[in-house]
Amino acid sequence: MPGARHKILGHVLSGFCHKMNRRKPLYGDCLDTPLNRCLTTFDITLLGIGHMVGAGIYVLTGTVAKNMAGPATALSFLLAGITSTLAALCYAEFGTRIPRAGSAYAYTYVSIGEFWAFIIGWNIVLEYMIGAASVARASSGYLDALLHGAISNATTSVTGELHETLLSKYPDILAFLICIIASLILAVGVKTSAYINNGLTILNLIVISLVIFLGFFYADLSNWSDIHGGFMPYGISGVLTGAATCFYAFVGFDSISASSEEAKDPTRSIPTATILSMGVVGIGYILVALALTLMVPYTQIDVDAALPKAFEAVHANWAKYAVAVGAICGMTTTLLGSLFSLPRCLYAMSADGLLFGFLSDMSNKSQIPISNLIISGFSSALIALLFDLEKLVEFMSIGTLLAYTIVSAAVIILRYRPAPPTEDKDFGIPQLESPGDREDSSATGTPGTDAGSSSSEMFEALTVGRLRPQYAWLEPLVGGRAPGTAVTSCVYVFTVATAILSAHNRLAEHKLVMWMIIPDVVLSLIIIGCLFIIWAHQQSPIRLPFRVPYVPLLPAASVMLNVELMINLNILTWARFAIWMTIGLLLYFLYGIHHSKLGEGVTGLLSRSYSGNHTGWGAVDKTSTLARRVGRLGRGSRSDDRKPIICDDELSRREP
């Protein structure tokens with residue numbers, strides 16, 4: 001019965017693809033949440049600054065300067081800062097559209113689909129968990145260096161050394177306790193922990209200002225001379241490698257997005273806090289890197305306690321005590337930021353059914369997911385106990401870069417996607433719908449417009465995702481498709497071509513052969529062509545409190561920079577990442593895809609509708625174009641869609 005098997009396969013694949021591509025629509029009041037909306041713009045800004053300014057300033061700067069980039073560490077921070085800022089702008093736009101916990105996970109779920117949302121959420125869990133563990137580990141190492149190794153020596157004498165290559169030399173009990181204490185602080189409540197974070201962050205910023213002033217006061221330009229290796233002793237490759245590692249220093253800005261569901265006015269607070277925190281932190285990192293390498297030659301930097309030892313070298317011993325206070329404050333706020341964001345992401349995924357349900361249980365008193373916080377804190381503490389700081393930092397960067405890449409790409413896709421005919425009147429955010437949900441390419445959605453909208457805005461709304469009139473000559477190439485579909489395809493092709501180009505240049509950087517330039521030229525033309533086709537389409541005119549400027553150029557630049565930094569990471573980091581992703585995919589396909597809340601209203605394998613009142617984030621009511629096309633492998637025509645897979649006539653004909 002090959003025909004029957006073909007139909008069964010088509011139906012199974014169609015339902016499977018439908019589940020992976022279903023997206024969460026927005027219904028009702030998006031400000032309604034069981035969490036406590038109590039954070040102001042000031043609180044969220046200091047949360048972002050505190051999350052970013054910690055181990056990066058006091059530990060990572062010295063590591064990159066000595067082992068990767070030398071004095072050019074400032075350029076590494078500049079490149080990483082630009083890359084992070086571009087991604088941060090994309091996060092800020094999504095934060096105004098979707099004020100929900102979960103950060104990039106929530107954005108991807110609404111704009112792209114469930115499978116990619118789970119991938120992003122799983123990587124964000126990795127980012128926050130390892131971020132908390134690495135900061136705890138850095139704090140322990142910093143205190144140990146100030147005490148001349150007393151903590152590590154005492155621990156080693158009791159427990160002995162660990163001889164596994166993937167583990168640290170000794171179990172860091174102090175790092176374990178630091179994670180547990182930070183979790184207990186957060187368990188008190190959001191507002192109380194915000195007050196603690198604000199005070200520690202302000203004190204840390206004062207210390208950093210002192211470090212910059214003293215660094216330039218004791219500066220010696222000869223430390224950048226050829227005698228000590230020059231300004232860029234490791235070359236361009238060293239700057240890029242350093243930038244990939246320095247990226248770790250900026251990952252805390254997505255804690256701003258993670259706080260969306262607890263912000264009083266998320267549409268204003270999220271973009272403002274994002275821009276302010278990125279500006280303050282970026283300038284601070286660059287100036288501290290310059291000050292450090294001007295005080296002492298990069299070869300003499302102490303990796304474990306770079307700034308205190310540098311002040312000792314210039315005979316400013318009193319300053320190292322101020323630096324120690326700032327380091328403790330900075331690392332504490334970074335740790336609080338990571339452990340603040342991690343439970344919110346797990347809560348969002350659990351509330352959607354993609355992770356185990358108990359992770360979304362809420363404490364009535366503190367209005368935080370308390371059991372979730374306990375598990376997050378203990379897991380981070382266990383990682384900090386056993387693993388080395390350098391391996392943790394590299395492992396963390398790759399997942400973060402992947403999340404930023406997808407969010408940046410999603411901004412382009414969403415900007416060229418037609419809105420449905422109706423709009424959420426309570427909050428002013430349109431329900432997001434895929435252009436692929438319409439088979440007829442003539443169908444377009446029109447976003448809700450005010451009575452005073454101009455005719456030009458009305459025309460733009462009607463033509464969103466279509467070619468602009470002046471580029472009608474591209475119709476034979478990209479025409480005949482649903483509005484926005486061509487842009488989505490170009491985004492995918494652009495991202496893949498960028499990855500191949502970066503990998504090719506990485507592998508061929510020491511082989512300057514003429515024929516090897518041909519792939520670069522071809523891939524560059526593909527990238528430029530994709531951007532041109534995207535540019536030729538009409539953008540959505542929907543007004544938001546914040547929109548990323550110069551779309552698609554800025555998000556595309558963010559994608560390119562993120563991919564370039566990912567390619568420059570260590571091969572072992574990719575191997576560890578593959579293991580983590582394998583665990584995540586098993587969890588999704590064995591649990592998440594079957595327990596997703598979007599599937600609760602599905603009555604059959606290929607159900608197209610959802611019955612019931614939409615009181616929250618509900619189930620999808622349509623399947624994707626990809627699912628329908630796969631499903632039609634065995635149906636022949638649309639009229640066959642409601643027929644049984646194997647009819648009685650077919651069975652009778654096959655009977656002997």
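The legends below describe close-up views of a predicted model.

**Figure 1. Overview of the chain.** The predicted chain holds 24 helices and zero strands. Of its 656 residues, 57% are buried. Taking contacts between residues at least 6 apart in sequence, 83% join residues at least 24 apart.

**Figure 2. The largest nonpolar core and F311.** This core has 170 residues, and Y58 and F311 are those with the most contacts inside it. Helix 6 (residues 114–146) gives the largest share, 19 residues. Domain 1 (42–409) and domain 2 (464–597) both supply residues to the core, so the core lies between them. With neighbours within four places in sequence left aside, F311 is in contact with V211, L214, M295, A316, N317, A319 and V323. In soluble globular proteins, nonpolar side chains tend to be buried together.

Figure 3. The whole structure contains 21 aromatic pairs. In the pair shown, the ring centres of F115 and Y588 are 5.8 Å apart and the ring planes are at 65 degrees; an angle over 60 degrees counts as edge-to-face, so this pair is edge-to-face. F115 belongs to helix 6 and Y588 to helix 22 (residues 571–595), so the pair ties together parts that are 473 residues apart in sequence. Both F115 and Y588 are buried. Ring pairs also join these two residues with W116, F118, W122, W580 and F589 in a cluster.

**Figure 4. E127 in helix 6.** E127 is another residue of helix 6. Its relative accessible area is 2%, and E127 therefore counts as buried, the limit being under 20%. Along the chain, E127 and T400 are 273 residues apart, yet their C-alpha atoms are separated by 6.1 Å.

**Figure 5. The two sides of helix 20.** Helix 20 (residues 517–535) has 19 residues, which at 1.5 Å a residue should span 27 Å; the end C-alpha atoms are 27 Å apart, in agreement with that value. Which residues of helix 20 are buried? They are D520, L523, I527, C530, L531, I533 and I534. These residues cover an arc of only 165 degrees around the axis, which puts them on the same side of helix 20. On the face turned away from the buried side, helix 20 carries the exposed residues I518, L525 and I528.

Figure 6. Phi of Y550 is near 55 degrees, a positive value in a residue other than glycine. Y550 is exposed, with a relative accessible area of 63%. V551 and P552 are joined by a cis peptide bond, with omega about 10 degrees. Most residues other than glycine have a negative phi, and most peptide bonds are trans.

**Figure 7. H315 between helix 13 and helix 14.** H315 sits in the loop between helix 13 (306–313) and helix 14 (317–351). Its phi is near 65 degrees, a positive value in a residue that is not glycine. The relative accessible area of H315 is 71%, so H315 is exposed; the class begins over 50%.

**Figure 8. S371 in helix 15.** Helix 15 (residues 370–386) contains S371. Is S371 buried, exposed or partly exposed? With a relative accessible area of 23%, S371 is partly exposed. Not counting residues up to four places away in sequence, S371 touches F358 and D361. The C-alpha atoms of S371 and S360 are separated by 8.4 Å, and the two residues are eleven apart along the chain.

**Figure 9. Helix 10 and its buried residues.** The twelve residues of helix 10 (residues 235–246) should span 16 Å at 1.5 Å a residue, and the end C-alpha atoms are 16 Å apart, which agrees. Buried in helix 10 are G238, V239, G242, A243, A244, T245 and C246.

Key
Residues numbered from 1 in each chain as written. Predicted model: local features only at pLDDT ≥ 70, side-chain atom pairs only at ≥ 80, totals over all residues. Heavy atoms only, no water. Helix = DSSP H or I, 4+ residues; strand = E, 2+ residues; numbered from the N terminus. Expected span 1.5 Å × (residues − 1). Buried < 20%, exposed > 50% of the residue type's maximum accessible area, 1.4 Å probe, protein only. Arc of directions from axis to C-beta. Core = buried A, V, L, I, M, F, W, Y, C linked by side-chain atoms within 4.5 Å. Domains from an automatic or database assignment. Contact = heavy atoms within 4.5 Å. Phe/Tyr/Trp six-rings, centres within 6.5 Å; stacked < 30°, edge-to-face > 60°.
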